[in-house]
Structures are given as structure tokens and as C-alpha cells.
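Hi everyone, thanks for making time this morning.

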Amino acid sequence: MTIVSWSGGLTVTGTSIGNVLYNFKQATDITIQGIDVRGSILAPKAHVNFVSGVQNGQMICKSLEGMGQFNNTQFIGNIPVEAEIVNIASLHSVTESDTNEDNNSDEATVVVNGQDDGNGGGDDGDGDGNDWEYVGSFLEGQIVWSITYTDDGCLLIGTMGGAIYKSNPEGTEFEQINEGMTVGFIWALLVHNGEYYAGTEQGVWKYDGSTWTQIGLVGMDVRSLVAVEGKIYAGVWGGGVYVSEDDGATWTSIVSDMMSYAAVHDITVNVTVEL
């Protein structure tokens, strides 16, 4: 098929959208409209007319036009390829600039995912902000984006990659607690009334200690969550600010029509404390 028209609903279940790749290897013309494309598109020979809608993924194509919105969800899935990569180089000419034979070497050292050896950026005890201690890492392709503390003193960490991890009280071991949540970004984390909330590109999710449930602002790109005086506020990219007074069961827009489509990335709280 060389001409493709894509519209309507799309649901991804069973995996994160960061693992999904739509391969249009033979397409020359693709029209996309009125759809939330959850995953990346590979169409190297196609001109894509993205009339309307949103893509939570990456786009590779020959050319592109249209008014569609892109949310950069990185593709972190596996593509079957040859495991061995052959690198061939040839030497055409040599210009001698260093005659010191002690500097010549045919070896090189490459460090991948290296850790600090204590000579820089580690704990030096001088209180200058360099006293950092390495405590853990996550899956390849995941970037720590949001972090908060739970009521029992554990770290709660969300990643670009759609994972949420909880540490032990010492902060030395981490366990993923949201397997099966098919999202690509954990933009925000909130602990409120003993329960956990996550702002994602697919709305707000709530954790009751065993299960994550999508509770509101479905399909919206929720970038920030804060709680003030029993209310939860959500900043939505392209949707303004919403508030919930019933722990996320219902949400109401609280900005004017002019700001209802504002791309809100973060919300801060200004609280005056009287002593």
C-alpha cells in the first residue's frame, strides 16, 4: 500500500507507547487527521500530511506538512537488526605533527555509564553542593523526570519512558510499581491523602497501594500536579489549569477562555505561613 489515510480512534494496550513503531516502509503519501497516534511512525519514503490530531511519539518521513501536534515520546522498543556492526575505515594520507613517540598509542578507552571515582562531583565533604552519592539506575532509554517523597519516607520517581519506581526507606533499592500502565511520560508525581497521583500524557492516574487507575483529564497532557488546602491542581499542556476538590474524581477548568488553551508546564504554590 503506497497511499494511506489514517483517522479515528486508536488504543494501545499491553505495552508502553514508547515500544510501538508503525512501519509504513512502502508508503509514498500518508494523511493523518483526527487521531491520537500513540507510538512512533517510520515512513522514510512518504510525504505526510498531518492535518490534525496529536502524535505521542517520533516521526521519520520524507517530508511533512499540516497542523498536527507532536509530543516527543521517544521510541525505546527493540528492532530486530544484526547484532554485529562492521566499521570500515581507510587511511588516505598522514600529516606528521607530533614527533614525540611517547605520545603515540593505538589504544583508546571508552567508558559507558561510568560512575564517579571520587575525584570530581562526588562526596568531598566541603559543603559546596558536590556531595552527591550514586544510589541507582533504571532501564535503558529512561530519564528521571519527576521525583517526590512518600509519607513513609521513600523516594517516588517517574521517568520519561513511562515507569514509576519506589525506593526502600534508605533510598538504596528501587522497585517499579506501575507495570502495565501504558504511558510514555510521568511528568508529575504527587502524594496526597496517603495516595499517589501521576500526571502523564494520557491524563491523571491514581494509585491505591496495589492498582493504578486513570481517574481524569483523559487524553490530556498533564504536566504538573500540586495539592493546596485539600484541592489538587493540574497544569495541562495546551489545556490550561484544572482543579479537583474530590481527590481527582472530577475536574474543573479554572482559567479564562483566553487561557484555556495555554501550554502549562509547571505550577508553583505561594503559601504564607504565620508564626
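Four bridges connect β3 to strand β5, residues 40-50, and the two run parallel. When I say that strands pair, I mean that DSSP finds at least two bridges between them; strands themselves are DSSP runs of E with at least two residues, and helices are runs of H or I with at least four residues, numbered from the N terminus. Before I go on, a word on the model: it is a predicted one, where local features need pLDDT of at least 70 and side-chain atom pairs count only at pLDDT 80 or more, while totals for chains, interfaces and linings use all residues. Residues are numbered from 1 along each chain as its sequence is written, and side-chain values use heavy atoms, with hydrogens and water left out.

Back to β3. Opposite Asp-29 you'll find His-47 in β5. β3 also pairs with strand β1, residues 3-7, through five bridges, again in parallel, and there Ser-5 has Thr-31 of β3 as its bridge partner.

Which residues of β3 sit on its covered face, and which on the uncovered one? Ile-30 and Ile-32 form the covered face, whereas Asp-29, Thr-31 and Gln-33 are on the uncovered one. In a regular strand, side chains alternate between the two faces of the sheet.

Now please look at another sheet. This one is open, with three strands in the order β4-β6-β8 and parallel pairing. Its edge strands, each pairing on one side only, are β4 (36-38) and β8 (69-71). On average, neighbouring strands here are turned by 15° against each other, direction ignored; the axes are lines fitted to C-alpha atoms, and angles run from 0 to 180 degrees between N-to-C directions. Strand β6, residues 54-56, is joined to β8 by three bridges, and these strands run parallel. Gln-55 faces Phe-70 of β8 across that pairing.

Stepping back to the whole chain, how many helices and strands are there? Zero helices and 20 strands. Of the 275 residues, 37% are buried, where buried means under 20% relative accessible area with a 1.4 Å probe, protein chains only.

What about contacts, meaning heavy atoms within 4.5 Å? Among those between residues at least 6 apart in sequence, 32% join residues at least 24 apart.

Key. Buried < 20%, exposed > 50% of the residue type's maximum accessible area, 1.4 Å probe, protein only. Contact = heavy atoms within 4.5 Å.
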